[in-house]
Structure formats: structure tokens, C-alpha cells
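User: I am new to this structure and would like to know what lies behind the terms used for it. Please show it, and then I will ask.

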Amino acid sequence: MAKQSNNFILGLWDHEEVFLHAIEHLRHEGQEIHETLTPFPVHGLEQALGYRDTRLHTAGFLFGATGTTLALSVMSWVMTTNYPINFGGKPNWPLPSFIPITFELTVLFASVGMVLTYCVRNKLFPGYVPRIFDKRTTDDRFALVFDIDGKSDSDVEKIKQLCNSNGAVEVKKRTFDENE
Amino acid sequence: MTERFELTGGLRKNLYIMIGIGLVGLVGAFFLYPENHHSRFWSNLLLNSYFFTGIGIFGIFFVAANTLGYSGWIAVVKRVLLSLSGFVRLGALFALFIILGMFAHQHNLYDHWFDKHHYAELANTKQFFLNPLFWTSRVVVYFLLWILVGDRVIKAFSEPNSNNKEVYKKSKLWAALWIVIFAVTESFVSWDMIMSTDPHWYSTLFGWYNFASYGCAAFAFSILLTIFLKSKGYLAQVNENHIHDLGKFLFAFSIFWTYLWFSQFMLQWYGNIPEDTKYWIKRFDVPLFKVTIFLALALNFLFPLLVILKRGNKRNFKVIGTAAVVIIFGHYLDFFNMVMPEPNFPVVEHHAAAHHASVAKADYTLLAENKDVAAEAHTEKVEVVAEVAHESAAHSDANHEAAHSTPAHHDAHGEEPVKTYAGLGLFELMILTGFVGAFLLAFFDRLSKEPLINESDPYLKESLRHHVEYA
């Protein structure tokens, strides 16, 4: 794991439209945005940041396919090889009666798998202490976070200046302790 | 914004050619397959007119449901969905033709209860429901409601000043009324026109199952026709986001259809009650229907699952358009499986009750003989066929002959596939082409009567700005 950076520049905006335009301008200027923090989901933020589509549904499909395969193979093995019993005169491999269980297991695997994947990707597991950049991002401020580790003073000044010229209401340096 | 669709001469000519092909197909099927009361002709007529009428009333239903649900995205494609109902009038004509043919004893579609002797075999409660007079008046009422109320509902959705609060509120009332009418009539019409071809069999989810099937076809048609209109330069306001939403509904209804198809199949397979399972035996014992059942399942479930689950495919006009064509054919096949087996089963007329009794007696003799001579390996199969023979083919040509010849002649009956007069060939495709032509002509005719987009729709702004972010 790469060493975590501790030094950041924080730009705060108070209006989402201005904030979205600022992101476009800053990205146009070639600045790399480390993180965005908003009090509510902002429409069009992913597009402005140029994020690629989430791959969570691909993971969901794979989890679901695992459930399908597991259900069908275990039931087939039990009913034909391990413990074949005659139920109501049906064949020993009664595929139609496997379908409801297969469906349930597919949904179970897909949903639980996706929830867990989501939590792990977003570091939402027990014991994780998130870094609070600015408390007001849960209230009325939209924040852009820039990683300035290893950046020269002139680069940092440029970021500050770009934030200010794009409508930021506040620009500040945020430093974390090693163990924070 | 007030652009109107104009049906150009070239398109009209093509549609007339399609209708002409259909007429040739109908006439050809009537004269080339006179067996079994021209059952191939009549069953194709019933299948197609029912299928396309269902698509029509579903279009109004979907707009009504969205109106009640405050959905905005639909405003720009509203006219396309509403115009699907243009065919309902033609469907009424075909239904009238079928009713007249029934009373003139020209076909055997509803012989299992229309025929006096078979009517006597029905349970008392079913006799009340399936007597010709009550049945006919019900079917007439459905079509009257669909045409009269349907037109009024469409008018309420297309009012030129619908951003007026009073007008908008009134359109909601009409939408609610249509939902009630549609819910009742679409279930009843599926029992009356399709399930009653075999009144001894029943499925309690048959109404929904039909609804899901023509629902898929209606979404597929609206996607296809919207893309077509865009390619002709109309509906510039419709973009891939609206098609994406229609595609999501198409996919959801495909899965819904599969759920109902499977629920119906699995419960009857698992319950294993003769009066339930004979529906499936009649289909699985005939090679043609065995193929079409699995083909319909593949086209209506596996195909949408693999092709239109992906976001990008729903937004790609070429992919979703091709998928729509495949799914329309898949649901045609689904109705083919519902309608075709019963009327095309070999049936003989009953001239006298005494004759009927002698045929029935011969059936039982035949069954007994069959059971005795059948090899052990085939016992189960013979019983299965015996079930069919007893329940519905009791009056088949083969058994009819058996009354006059030696039963031993028919020993191989258990191993032979059950005979059917149905087919899926050139004539079916020609008749389907004709009906598609008539459906599209009625669609374009209705579409051209009003502006393509109602500029006073209160949700128009929302619809124009509509975009799908996820999934």
C-alpha cells in the first residue's frame, strides 16, 4: 500500500453550480482532484469529475452467477448422487423445482456480495476512522481536496489561486498527524 | 413543437403491400387447409387479432399508469404509446367475424363449450359463464369499452391546454378509470377468447400472463416505432435517455413474463393433476409446439437477459431496435403456443347423441387395449396419452375411426406424436406480416391526427431535460 498523504489543500464553495463549474475549470487547468465532499448528492458531479462508470454491477453479476452455479450444482449433486430420494414420483433431477431456490440464492449472493463490495471499496468497515477534512461539508459547504505531498510551493500557490478565481469562499491548508 | 406526422405515399404503399401479403396468406390458408373446419385459418385469425389488440390497449394502460404515477419522462413519447391503440377497432372487426363464424358453425375455436354435447359436459358453474349469449355479450362489451372509453382517455391525455389545472386533474380521473376498466377486461378477455378454447383447463394467473406478454410486445413496438420516427426526422426531442427508459421497461416486463410463465408451468408440473397437466401434455407431445415453447422461452427470457441487461445496449438504437424485433417475434410465438394447439386438435362433428356415446365408448375400449399391449417401458407414456385422449381428444379423428375399425390398428398411438393441423410456416408468416401492416397503418393513422408532442403537457419540460444517470 502506498504511503498515505497527510498534506492537503482544501477549497470550499457555497453553491453547487459554481462548484461544478470550478471543477471543470480546475480539471481543464490540469489539476488533479484528490477528493470531493458535498453535503448532498450533486447531479452531474461524476460527469464533471470524469469518473468512469461504476463496476459494482459487474461485480453483482459475478456474485449472482456464483449463486446460480452453487445452487444448481449442490442440488444436482445431492439429488442425483449423494442422497437420491423419490419425491412425489418426480425424476431424480427435477430441474423446474430447483429454479425457485436457484433464484433465491442468486439474489442473496448478488445483494450481499454487492453490499460488502460497496462497503469495502468505501472503507465502511468497523474500526475504520474516517478523516474529517472540514465539518461544514456535512452542512452547507462543497469541498475540493488537493493532495500537495511532494508539490512545490509555486504549485500549491497556483492551486490556491485557481480556487479563489473560481469562486471558492475559503481556501486553506489541512494537515493530518501520522496516526490520525 | 407542433410538428405532425405525415403518412407519406411510399410508406402507405409498403403497408398496403404488407396487408396484401396478409390477405393472400389468409385466403391461401383458408383454401389450402380446409381440414378440421379450416382450423389453421381461424386459429391464425384469433391469434393475430388478439395479440395486436392486446398491444393496443396496453399502450393506453401504460400512459394511464404513468399519469397516475406523476412520471414526467414519458411526455415526449406519449403519442407513440397512445397511438398503438389504433388497431383496437380492427381487432373489434375480427372479433365480430369470429363471433359470427362461431354462430354460423364455421369454425371449431370454441367448440369445447359452444357445441351442444360438449356444453353438457361442462361443470354447472362453467355453463353459466360459457354460454354463447353471455360470452358474446361480454366480448362485445370489452370492445365497446376499449373503443369508446379508450378514445375518451386518449383525448383527455392530448388536450391542447392540459397545463390548465382543471384539465390536468380531469385527465387523472380518466387515467384511473382506464386502469380499472383495463384490469378487469384484460383478464376477462384472456379467459374468454384464449383460455376457453379448452374450458376444462384453467390457470389463475392467465390474465397477468397475457398482460405481461403483450406488454413486452407493446414496449418493443414503441421502441421500434420511436426509432423509426426519429430516423424519418421526427421527434428530435426524443433521445437515448427516453429509449433507455422504455428499454428498462421492456427488460423488466420480460423478466416479469418469465416469472409468470414459470409460475404457471411449475405449479402444474409439480401438482401433477391431470386437468392441469393436459395443457402441457398437448404441447410437449407435439414436436412443433415443443420447439416453439422452448424457442419462445429462449427469445423472451434468455435473449433479453443476455442482450438488454447491459446499460450501453439499451442506449444503442441499433442493438435495442434489433432486440425489439426479436422480442416481438418471441411474444408472437408465446401466443402461438397458447392459441394454436387446441383449435387445431383433430375434432369431429357430433351429429347425434347416440353417435357421440358410441365414440366415447370406443375411446375407453381403445385405452384398455392400449394399456394391455403397451410394453413396460411405455406404460407411463400411454397413460399420459390416455389422459389427453380421455380429456380432450376423446373425439379425435383417430378415435372416431376406431369406433368403426379394430382398436388394434391404433396400437402405435402411444408412440406417435399427437396429430395437429397447426403449422408455423409460410402462411403464418404471411398472415403475421399482414397484421403487422394493418397494425402499423392504424398506428400511423392515429399518430397523424394530433401533434406528435403536446406542447401544453405539464410534464413536457421535465421530459425534455430527462437523463438517466445510472443503470
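User: At what angle do the axes of helix H3 (residues 56-82) of chain A and helix H4 (residues 95-121) of chain A cross?

Analyst: The model is predicted, so local features need pLDDT of at least 70 and side-chain atom pairs pLDDT 80 or more, while totals for chains, interfaces and linings use all residues. Residues are numbered from 1 along each chain as its sequence is written, and chains are lettered from A and ligands numbered from 1 in the order in which they are written. The axes of H3(A) and H4(A) cross at roughly 145 degrees and come within 7 Å. Axes are lines fitted to C-alpha atoms, for helices over the stretch in contact, and angles run from 0 to 180 degrees between N-to-C directions. Helices are DSSP runs of H or I with at least four residues, numbered from the N terminus.

User: Which residues of H3(A) and H4(A) make the contact?

Analyst: Among them are Gly60(A), Phe63(A) and Gly64(A) of H3(A) and Leu105(A), Phe109(A) and Gly113(A) of H4(A). Residues are in contact if their C-beta atoms, placed from the backbone, lie within 7 Å. By class, this contact has 15 nonpolar, 9 polar and no charged residues. Ala, Val, Leu, Ile, Met, Phe, Trp, Tyr, Cys and Pro count as nonpolar, Asp, Glu, Lys and Arg as charged, and the others, Gly among them, as polar.

User: Why are H2(B) and H8(B) called oblique to each other?

Analyst: Helix H8 (residues 132-157) of chain B packs against H2(B) at about 45 degrees, with the axes 11 Å apart. Angles under 35 degrees count as roughly parallel, over 145 as roughly antiparallel, 65 to 115 as roughly perpendicular and the rest as oblique. The pair is therefore oblique. The contact includes Ile57(B) and Ile60(B) of H2(B) and Trp146(B) and Val153(B) of H8(B). Its residues divide into 8 nonpolar, 2 polar and no charged.

User: Which residues touch the most other members of the largest nonpolar core?

Analyst: Ala220(B) and Leu250(B) do, in a core of 115 residues. Such a core is a set of buried Ala, Val, Leu, Ile, Met, Phe, Trp, Tyr and Cys residues joined through C-beta atoms within 7 Å. Buried means that 20 or more other C-beta atoms lie within 10 Å of the residue's own, against 12 or fewer for exposed and in between for partly exposed, with C-beta atoms placed from the backbone. Helix H2 (residues 35-68) of chain B gives the largest share of this core, 16 residues.

Methods. Helix = DSSP H or I, 4+ residues; strand = E, 2+ residues; numbered from the N terminus. Contact = placed C-beta atoms within 7 Å.
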